[in-house]
Amino acid sequence: MRRSDREVTEPEKINEIILSCDCCRLGFIDKDSTYIVPLNFGFTVTDDKRIFYFHGAKEGKKIELIKSNVTVGFELDTNHELTKGKSACQYSFKYQSIIGNGKVSLVNGKNEKQKALCIIMEHYTGKKDWTFDDSLNSVAILKLDVTELSCKEHK
């Protein structure tokens with residue numbers, strides 16, 4: 001990281017920043033280009049490993065891209081604030097951001113799908129105990145196992 005003075009390395013602080021975000025962007029390799037999609041997400045730490053869950057349609061471009069390459073990049077950002085200056089070069093922007101890479105897979109088992117959807121719902125509502133009907137079969141659940149992550153904060 002070029003600006004090591006802005007690097008965040010404490011696991012608890014990184015997790016706090018992730019939980020303050022409301023959108024995670026996944027970047028897929030698409031032949032000779034990149035396909036980036038913003039997604040709602042849920043997040044958990046299991047055995048000191050960060051895992052993200054996403055939900056969406058069972059078919060479409062991201063599903064096809066996962067079938068050809070499970071390696072993805074991801075990005076989250078939050079707490080944006082413009083800092084004014086007397087001249088254009090004195091303006092700045094406060095933020096917190098996270099970028100990383102990981103392996104994405106489709107979740108198939110009913111219990112794991114329910115667990116993932118509960119994590120997603122808890123992220124946005126704070127509520128943990130959800131039940132799901134048979135419509136659970138109509139959604140795809142993606143699981144991102146983080147392999148690399150960096151976090152940056154400009155206060």
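1. A salt bridge here is a side-chain nitrogen of Lys or Arg within 4 Å of a carboxyl oxygen of Asp or Glu. On that criterion, K13, E16, E153 and K155 are linked in a network of salt bridges. The model is a predicted one, and the structure as a whole holds eight salt bridges.

2. D30 and K61 form a salt bridge through their side chains, with an N to O distance of 3.0 Å. This pair links distant parts of the chain: D30 belongs to strand β2 (residues 24-30) and K61 to helix α2 (residues 61-68), 31 residues apart. D30 counts as buried because its relative accessibility is 15%, whereas K61, at 41%, counts as partly exposed.

3. Helix α2 also holds a local pair. The side chains of K67 and E64 meet in a salt bridge at 3.5 Å, N to O. Both residues lie in helix α2, three residues apart, which is about one turn of the helix. K67 has a relative accessibility of 60% and so counts as exposed; E64, at 46%, counts as partly exposed.

4. K143 and E112 make a further salt bridge, in which the closest N and O atoms are 3.7 Å apart. Here too the pair links distant parts of the chain, with K143 in strand β8 and E112 in helix α3 (residues 110-125), 31 residues apart. K143 is buried, with a relative accessible area of 18%. E112 counts as partly exposed, its relative accessibility being 31%.

5. Does the length of helix α3 agree or disagree with what its residue count should give? At 1.5 Å a residue, the 16 residues of α3 should span 22 Å, and the end C-alpha atoms are 22 Å apart, so the two agree. Just after α3, G126 takes a positive phi of about 80°.

6. Which residues of α3 are buried? They are K113, A116, L117, C118, I119, I120 and H123. The buried residues of this helix pack against α1 (11-20), β4 (42-46), β5 (49-56), β7 and β8.

7. Leaving aside neighbours within four places in sequence, E122 is in contact with K127, K128 and W130. The C-alpha atoms of E122 and E153 are separated by 25 Å, and the two residues are 31 apart along the chain. E153 is one of the residues in the salt-bridge network of point 1.

8. How many disulfides does a search of the whole structure find? The count is zero. C118 is in no disulfide, and the nearest cysteine sulfur, that of C24, is 20 Å away. C118 counts as buried because its relative accessibility is 17%.

9. C151 is a separate case. Its closest cysteine sulfur is in C21, at 8.6 Å, which is too far for a bond; the cut-off for a disulfide is 2.5 Å between sulfur atoms. C151 counts as buried, since its relative accessibility is 1%.

10. L82, Y91 and F93 make a nonpolar surface patch of about 290 Å². F93 is found in strand β7 (residues 92-107). At 40% relative accessibility, F93 counts as partly exposed.

11. Once neighbours within four places in sequence are set aside, H154 is in contact with R6, S92, F93, K94 and Y95. H154 lies in strand β8, which covers residues 140-154. Is H154 buried or exposed? H154 counts as buried because its relative accessibility is 16%.

Notes. Residues are numbered from 1 along each chain as its sequence is written. This is a predicted model: local features need pLDDT of at least 70, side-chain atom pairs count only at pLDDT 80 or more; totals for chains, interfaces and linings use all residues. Side-chain values use heavy atoms; hydrogens and water are left out. Helices (H or I, at least four residues) and strands (E, at least two) are DSSP runs, numbered from the N terminus. Buried means under 20% relative accessible area, exposed over 50%, partly exposed in between (1.4 Å probe, protein chains only). Contact means heavy atoms within 4.5 Å. Patches are made of residues with over 30% relative accessible area and no salt bridge: like charges are joined within 9 Å, nonpolar side chains (Val, Leu, Ile, Met, Phe, Trp, Tyr) within 5 Å. Accessible areas come from the Shrake-Rupley method with a 1.4 Å probe; for residues, only the protein chains shown count as cover. The expected span of a helix is 1.5 Å times one less than its number of residues.
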